[in-house]
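Hello! I am passing a structure on to you, with some notes on what turned up in it. Have a look first, then read on.

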Amino acid sequence: MEKPYAIEMLNITKRFPGIIANDNITLQLRKGEIHALLGENGAGKSTLMSVLFGLYQPEEGVIKKDGQVVKINDPNDANRLGIGMVHQHFKLVECFSVLDNIILGVEPNKAGFLQKDEARKKVVSLSEKYGLQVDPDAIIEDISVGMQQRTEILKMLYRENEILIFDEPTAVLTPQEIEELMQIMKGLAKEGKSILFISHKLNEIMEVADRCSVLRKGKYIGTVDIANTTKEELSRMMVGRDVEFVVPKDPANPKDVVLDVQGMTVASKLHHNNAVKNVSFKVRRGEIVCIAGIDGNGQTELVYGISGLEPLKGGKIELLGHDITKAPIRKRLLQGMGHIPEDRHKHGLVLDYSLENNMVLQRYFEPEFTTKAGFLRKDNIRKYAEGLIEKFDVRSGQGPITPARAMSGGNQQKAIVAREIDRRPELLIAVQPTRGLDVGAIEFIHKQIVNHRDSGHAVLLVSLELEEVMSLSDRILVMYEGEIVGELDPKKTTVEELGLYMAGAKRTEVKA
Amino acid sequence: MNKKRSLLERDGVLTIITSVLCVILGLLVGFLAVLIINPQGAFGAITGVVENFFAYSSSRLRIYNFGSTLAKTAPLIMCSLSVLFAYKVGLFNIGAAGQYALGAGAAIYSAYCLQLPWYVCLLLGILVGGISGALGGILKAFCNVNVVISGIMLNWISLYGVNVLLKPAMDPSGKDTFRLLKKAKDSVLPNIGLDKLFENNKYVGLAIPLAIVMAVIIWIILDKTKLGYELKATGNNPNAAKYCGMKENRNIIMTMFVAGALASMGGAMFYLTDVEQWNVNASAVPGMGFNGIAAAFLGGLNPIGCIFSSYFITHITVGGLNVDLKIYSAQVSDFITAVIIYFCGFVLFFKSVIIGNVKRRTERKVKALAEAEAKKGGTKA
């Protein structure tokens, strides 16, 4: 027998000036199922969720809870109906403990005095019941992203939510953490919770979901049973055409050395040791070298060292034969370095600037954009930005004048990739360039990176996604605890072998 | 995209509307306050504040006092520009008051004690405040000391430093420094003929056009130049500024230097016109710097807006002198102006309220439009 629906959104239509964000969309979530919501960036997933949370009122359509029509005017209404959400960017108070964050807003108290013991008991029992391992007294800023996410999940469970929404929960996790999360979600569904899993990672949907609803450009495409479908089928529904999962590329044809790193050591900001220990390697023209590894094994610091964001403790870096060990950042960039940073909000964008001003962040000082007297050539900036927007299909509400803050994460990332690749840097450092993007956009960016290689430039790719590592790179360097522990040929190795290196179980001597 | 935007959606219009709203609300609350203190003269008091020089009977006096109000506006424009410039770069220059004092001190000292010509006095005044501002910037850049903290401390250091410095310039008949018009005529800013326009008001001169020119320059720097682009990027996201190779420490220090220089230019300007003299026993930081904060926000954080907001604040401050001292104690006039200035800070709040309203209205409009269309093409669908 089919399980009854926990929540139904029927024929929802939501318009904004100029666009129809949701056009007659129906989403029905059964009790105890994991239901995936799949769609490209800007397909209308976020709008639909905002409607469910009462942040927007739909022009048409109704929402039903357990078969009854309900009116959701604000998030408090949603909360009362037992709907909870883990946002892609966590909503946690960084300097509070896990327990404090969980009870935030629903603090148990007597006459204004907190009754934390009671709350702690409840949290501990919940975390045991669902296998959500957390330390209630740890401070949020000290714990891993995975544990922060478990805190968010516990927040929903503490509020006894029955309908749990996960908004792209795996975007920020390591492969191991993703595996754990999948298990947790399955466990929650088994206990009768209904889960809505918003994602554009097809592998994860195939693994964990029971059914999947697909949106495309604001329209409802259909709902399928995962058991009767394939990855290819889902991606066709999402993108509207066939998607190549493996980037077609010719064998690499490495030429002269572009980047030469010798004995580089970078201090760690978090601990009193070195994050990068005596690392040496070379990147040549016409090849994509990938640094693989589990997050936190020194990749971030390695890139900081090369790009100049952190000073080196030891070693030497040469770019095209010039010693840039102590060169200021601007000089490195002008000598041919391009850098797609790991954290787009921290380094990649000035969020309060418009899209066009962000597009020239690396070039605003060039004669094309600044007169000799130091005045900005705003017309040229606009023209240049419009060109990039067109070429890289960066979508936003108001085009070049959209504040970067108002853009979706995927389009922010596209804007950065556009900006960096368009400079045609001799060496492109791309750190997780496809983080948070849908398959269509990933395909596009992968092609851009391969093109960049083929036009005779060097690419240093840092990625946590094994699929990306295997399909894109010409040479894999595995980092483990700040050292390069192996050099692998993606054509001759397997994911399993790569995993052994990444986990530190295997290592071979690597010569630069 | 080519749809005409409603007037209220234009940022400039919105800023002006909210600023005017704030002023009205401030006057209303100020009126209520005096009404509570003493209902008898409340109306007279509040109209007196608003009227300022219009309260005078003869047109000659009105014009003369208009000139005085303008003379007092110039330094406030400078202070609000100082606050605004730092604010655009993500720094809160609460040290404007101290920098203002330093500018005043350096100018008066070089005028009276060193008998230097006016332009040297002005330059020295600008320089001292700039250095003080840069000091805050250096502390921020290299030791990550919050500029608000260092600014407040530097305010007091500056105030007492100036008091000590100006002891020799004190007129023994009072607590104030000597009148520069009497003791150092060459150091007084030239009138460039403007005094003739204001019934020979000798306090009207170079300071006023200079302040306006500075406002325009600041607007151009922030809005049109590479420097402004860099400074604002550093202020909004220092990490991104560093990532793209901007010298974020240099930018912070330079910003604070400019902000300090602007405020101290205001101080130097004001005392070099000799409208007032420095009280050598002053134990409170001059309010000009703090009023600069209110003026900057009331002006919608726009350099040109600052000219008008500064004038308004000076207008009511001077107008406060019209409050009848037989009915109210001397502090009431300051109180009324303070209430009004306080409400000037609500500009950003009103702005967000109006924006929210407009959004809801357009949403409704869009909905109605879509419904109409649906009816028309109902058969097609």
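In chain A, six strands make an open sheet with mixed pairing, in the order E18-E19-E20-E15-E21-E22. Strands here are DSSP runs of E with at least two residues, helices are runs of H or I with at least four, and both are numbered from the N terminus. Two strands pair if DSSP finds at least two bridges between them. Strands E18 (337–340) and E22 (483–488) of chain A are at the edges with a single partner strand each, so one side of each has no neighbour in the sheet.

This is a predicted model: local features need pLDDT of at least 70 and side-chain atom pairs count only at pLDDT 80 or more, while totals for chains, interfaces and linings use all residues. Residues are numbered from 1 along each chain as its sequence is written, and chains are lettered from A and ligands numbered from 1 in the order in which they are written.

Strands E15 (residues 288–292) and E20 (residues 458–463) of chain A run parallel, joined by five bridges. There, A:Cys290 is opposite A:Leu461 of E20(A).

Now the contact between the chains: chain A gives 26 residues and chain B gives 19. Residues are in contact if their C-beta atoms, placed from the backbone, lie within 7 Å. On the side of chain B that touches chain A, helices H10 (226–236), H11 (238–243) and H16 (347–376) of chain B each supply at least two residues. H10(B) has the largest share of that side, with five residues.

Conventions
Two residues are in contact if their C-beta atoms, placed from the backbone, lie within 7 Å.
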